[in-house]
Amino acid sequence: MPPTPRPLRKLGFLTIGLFDEADPRRGHESTLDLITLGEQLGFDSAWLRHRHLQYGISSPVAVLAAATQRTSRIQLGTAVVPLGWENPLRLAEDLATVDLLSGGRLNPGFSVGRPTHYEHVRGALYPDTGHHEDFGHGRAERLLALVRGEDASDFAGTEGIEVYSRRVQPHSPGLADRLWYGAGSLRSARWAGEHGLNLLTSSVVKPEPGDSAPDFATIQAEQIRAFRALHPEGERARVSQGLVVVPTDSATPEQRAKYEAYALARTPRTLAPQGPGGLLFALDLVGTSEELAERLRAHAGYREVDEVAFALPFTFEHQDYVQILTDLATRLGPALGWSPSV
């Protein structure tokens with residue numbers, strides 16, 4: 001297998017930030033400690049998943065606001081904020097605020113669609129407008145316009161001592177260039193390209209109707225190429241891949257056994273399309289950095305990118321994440337041609 005035509009340029013990691021309901025602060029502090037460690041190890045970016053009504057981070061923008069005060073260099077991202085739960089105007093205000101606090105390091109990733117279990121939360125989320133909410137790309141276009149500085153109001157001026165702006169305040173120049181769209185289908189990848197966004201790929205893709213023998217890596221590569229074909233920057237358009245990748249170089253025997261059992265338990269879902277949408281899941285990759293580098297270079301999706309945000313498994317302990325991040329930065333990253341940021 002020849003080397004990837006896109007040498008690894010940026011190395012990031014992604015975490016869900018699990019916590020115990022009886023002690024949620026500890027879990028959030030653990031996440032912040034991992035972000036701080038990531039900066040110390042030279043990672044280019046740290047990303048937070050988004051979970052509502054679960055025991056994972058529900059407010060990644062708030063957590064990243066805290067992270068801006070503990071770090072100075074590492075890029076901070078969301079992967080991804082589901083816009084069905086958000087008011088685009090309020091979200092635009094929060095994103096700009098945190099971006100300014102970070103010194104221009106925020107990378108908001110988002111997606112569209114109906115909120116998970118919408119029939120159960122609609123009464124609390126949209127009690128009066130639930131039947132009229134737009135959960136499609138129109139909601140994303142509102143966010144894009146507001147972040148880019150287009151008018152949010154048709155009024156501006158002074159009333160007494162109050163001064164009003166037509167556009168969202170604060171406005172953070174450059175933030176719009178760091179917006180990412182989480183896409184798992186060809187349609188979404190094309191939409192992201194047409195709208196000049198950056199593209200986040202993950203360990204889930206949706207095959208197209210008629211795919212006789214769908215293969216995850218092939219489908220992901222096709223989506224990336226379709227995105228770049230429509231993006232104003234073409235081949236220079238940014239794409240980040242987010243597979244679950246777990247190096248075991250410095251792991252204890254107990255940790256290796258845990259990691260392998262985790263991947264094995266999740267393997268059955270990768271053997272056939274899942275659910276009504278026929279979604280395909282990628283294999284979790286566990287092994288030495290030498291083994292992982294070889295497998296990644298053979299992966300059609302990875303061969304299309306020069307940025308990654310490897311996903312940390314959901315249910316491990318803090319010390320496990322420390323070991324994995326350390327091996328990613330000191331073993332696997334360099335094996336893929338990456339050099340740590342300083």
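I started at Leu325, which is in contact (heavy atoms within 4.5 Å) with Phe13, Leu34, Leu37, Leu41, Phe43 and Leu312, leaving aside neighbours within four places in sequence.

Before going on, I noted the terms of the model. It is predicted, so local features need pLDDT of at least 70 and side-chain atom pairs count only at pLDDT 80 or more, while totals for chains, interfaces and linings use all residues. Residues are numbered from 1 along each chain as its sequence is written, and side-chain values use heavy atoms, with hydrogens and water left out.

In soluble globular proteins, nonpolar side chains tend to be buried together.

Ser240. I placed Ser240 in strand 10 (residues 239-241). Is Ser240 buried or exposed? Ser240 counts as buried because its relative accessibility is 3%. Not counting residues up to four places away in sequence, I list Trp180, Leu199, Leu200, Thr201, Glu307, Val308 and Ala309 as touching Ser240.

Helix 5. I recorded His137, Arg139, Ala140, Leu143, Leu144, Leu146 and Val147 as the buried residues of helix 5 (residues 137-147). Their cover includes helix 3 (88-102), strand 4 (106-111), strand 7 (180-182) and helix 6 (186-194). After helix 5 comes Gly149, with a positive phi near 100°.

Whole chain. I counted ten helices and 14 strands in the protein; these are DSSP runs numbered from the N terminus, H or I of at least four residues for helices and E of at least two for strands. The radius of gyration (over C-alpha atoms; globule rule 2.2 Å times the number of residues to the power 0.38) is 20 Å, which agrees with the value near 20 Å for a compact globule of 342 residues. The C-alpha trace spans about 70 × 50 × 40 Å along its principal axes. Buried residues make up 50% of the 342. Of the contacts with a separation of 6 or more, 73% join residues 24 or more positions apart.

Terms used:
Buried < 20%, exposed > 50% of the residue type's maximum accessible area, 1.4 Å probe, protein only.
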